[in-house]
Amino acid sequence: MIDSTQSFRFFNRGPSPVVRLVFFAMLSLLLLFVDARYRYLESTRSALSVLLSPIQQLATYPGVLWHQAGNFFITQNAQHALMDENGELRLQHQNDAAQLSQFQALQLENQQIRKLYDLPQRNGFTTQLAEIVYTERDVFQRKVLVHKGASAKVEIGQVVMDDAGIVGQITRVYPGLSEVTLITEKDHAVPVQVLRNGLRTILFGSGDTSQLSLRYMPVGADIQNDDMLVTSGIDGIYPPGIPVAKVIKIERDAAYPFARVTCLPVGGVDKHRHLLILSAMDKLPERPAETAASNGDKRTKSKRKN
Amino acid sequence: MPVISTTPSKSEIQRPVSNLFVLSSLLFALFLNGLPWEGIWLALRPDFVALVLLYWCTHNPWRIGIGLSWTVGILADVADASLFGQHALAYTLLAFGGVVLHRRLQMFDLRQQTIQVFGIFALTYASYALIHWQVNGFVVWQYFLGSLTSTLMWTPLSMMIQAMRHVRMDNDRRHHERRP
């Protein structure tokens, strides 16, 4: 290297590699800092993503072709399997329909009781179907991109679910795409309630596996295996009462102040191709400013919510 | 010298590669990185963009260097939804390694090159993971498997690009001979 920098320069080849390295490394670090801290660069990102989208579109074709080839063979070979599935689905549908009518009656009753006691009415939500186009691009992240973006009025913070439960939350919106952070993303938090006894807590993703955990559960907390966790609706981002996860393992160790509770998501977090995006919830009234006296308790928990 | 050498034999003069060829190889690498890899395959996926960049940086360092690598890194950041500058920084280091070591690498055969290249990839992957650790506070160790598979892909990839360059050269030559 000394050779190349100190020999006679007949041709001007611009600055030496070291100078370029330092320049571009500083530029990268600056961008990293700005992007990680302030998120100013989202518009640049969406502009560049438009530029890259032909390649990305192209890259999905092998998968789509594979899928179609699979479908082709299903229709050719296993018609009776399909018929079976059809029958099963019909049965399921009848069951669901019966339960749905019961649910509607209960909903009416609930509305009346809420009116009677002057509680705010529960809002319904509408959903729009979105298809997953890209899965996670990075070992570190548990994110997928779906095929509805700002043009379909998707907003940051909307909740994404499948037919069984919560799957994730919209964290970035591009013109024709939006990014869904799955609930299994490291430190992604969902406010939940135990269905059996209404115990409120927060569910966190663990990042590298498709498991979830409840942190800060006292050792004596009333929680059991197979308990169902549903959204509590506190904080007004997640609509209340949607299944999120099921408790599969509880370790109570007297040496630690908290029990270690492991859960599995109910929704097919890594399974489906189609997801439902829920409409944004109505804004709750602004949280009153912290005073010194009420400081503490749940403030830290609700910090990371979008 | 065995057939698999990447250094041009004495008889032929290495002709400059066309910009189109470099660009299309990089776009193809971005395409390969963008295929729907999942689960353990995602961890084992060689970083094709890094491989192609390193090839060009070591074989054509006065044309393809740190600036282009940085630009491609920014595109990779957008494609991967990682932070702006994360891939760019990694590829900058990669290109620097390639440009500085290109003379040494060209003296070696492919087996010896592989060992040298592993160092460069390890540095690239480590810088990416370090940034991620600094920002998000955790590291997935499986990520480093990618540096191994990338290194293993070095030999086939060098041979492939070299072969493609030869084909192009032959085509060009035939073209020129026919014309007069």
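Colleague: Which handedness does the crossing of α3(B) and α5(B) have?

Modeller: A crossing is left-handed if the near helix is turned anticlockwise from the far one by less than a right angle, and right-handed if clockwise. Here, the crossing of α3(B) and α5(B) is right-handed. Before we go on, note that this is a predicted model, in which local features need pLDDT of at least 70 and side-chain atom pairs count only at pLDDT 80 or more, while totals for chains, interfaces and linings use all residues. Residues are numbered from 1 along each chain as its sequence is written, and chains are lettered from A in the order in which they are written.

Colleague: At roughly what angle do the axes of α3 and α5 of chain B cross?

Modeller: Axes are lines fitted to C-alpha atoms, for helices over the stretch in contact, with angles running from 0 to 180 degrees between N-to-C directions. Helix α3 (residues 48-59) and helix α5 (residues 86-107) of chain B cross at roughly 40 degrees, and their axes come within 7 Å. Angles under 35 degrees count as roughly parallel, over 145 as roughly antiparallel, 65 to 115 as roughly perpendicular and the rest as oblique. α3(B) and α5(B) are therefore oblique to each other.

Colleague: Which residues make the contact?

Modeller: Two residues are in contact if their C-beta atoms, placed from the backbone, lie within 7 Å. From α3(B) come B:A50, B:L53, B:L54, B:C57 and B:T58, and among those from α5(B) are B:Y91, B:L94, B:G98 and B:L105. The residues of this contact divide into 10 nonpolar, 3 polar and no charged; Ala, Val, Leu, Ile, Met, Phe, Trp, Tyr, Cys and Pro count as nonpolar, Asp, Glu, Lys and Arg as charged, and the others, Gly among them, as polar.

Colleague: How many helices and strands does chain B have?

Modeller: Helices (H or I, at least four residues) and strands (E, at least two) are DSSP runs, numbered from the N terminus. Chain B has 7 helices and 0 strands.

Colleague: Is B:G34 buried or exposed?

Modeller: A residue is buried if 20 or more other C-beta atoms lie within 10 Å of its own, exposed if 12 or fewer, and partly exposed in between. B:G34 sits in helix α1 (residues 19-34) of chain B and counts as buried because it has 22 C-beta neighbours inside 10 Å. Leaving out residues up to four places away in sequence, B:G34 touches A:I55, A:Q56, A:A59 and B:A79.

Colleague: How many residues of chain A are in contact with chain B?

Modeller: There are 35 in chain A, in contact with 38 of chain B. The chain A side divides into 18 nonpolar, 7 polar and 10 charged residues.
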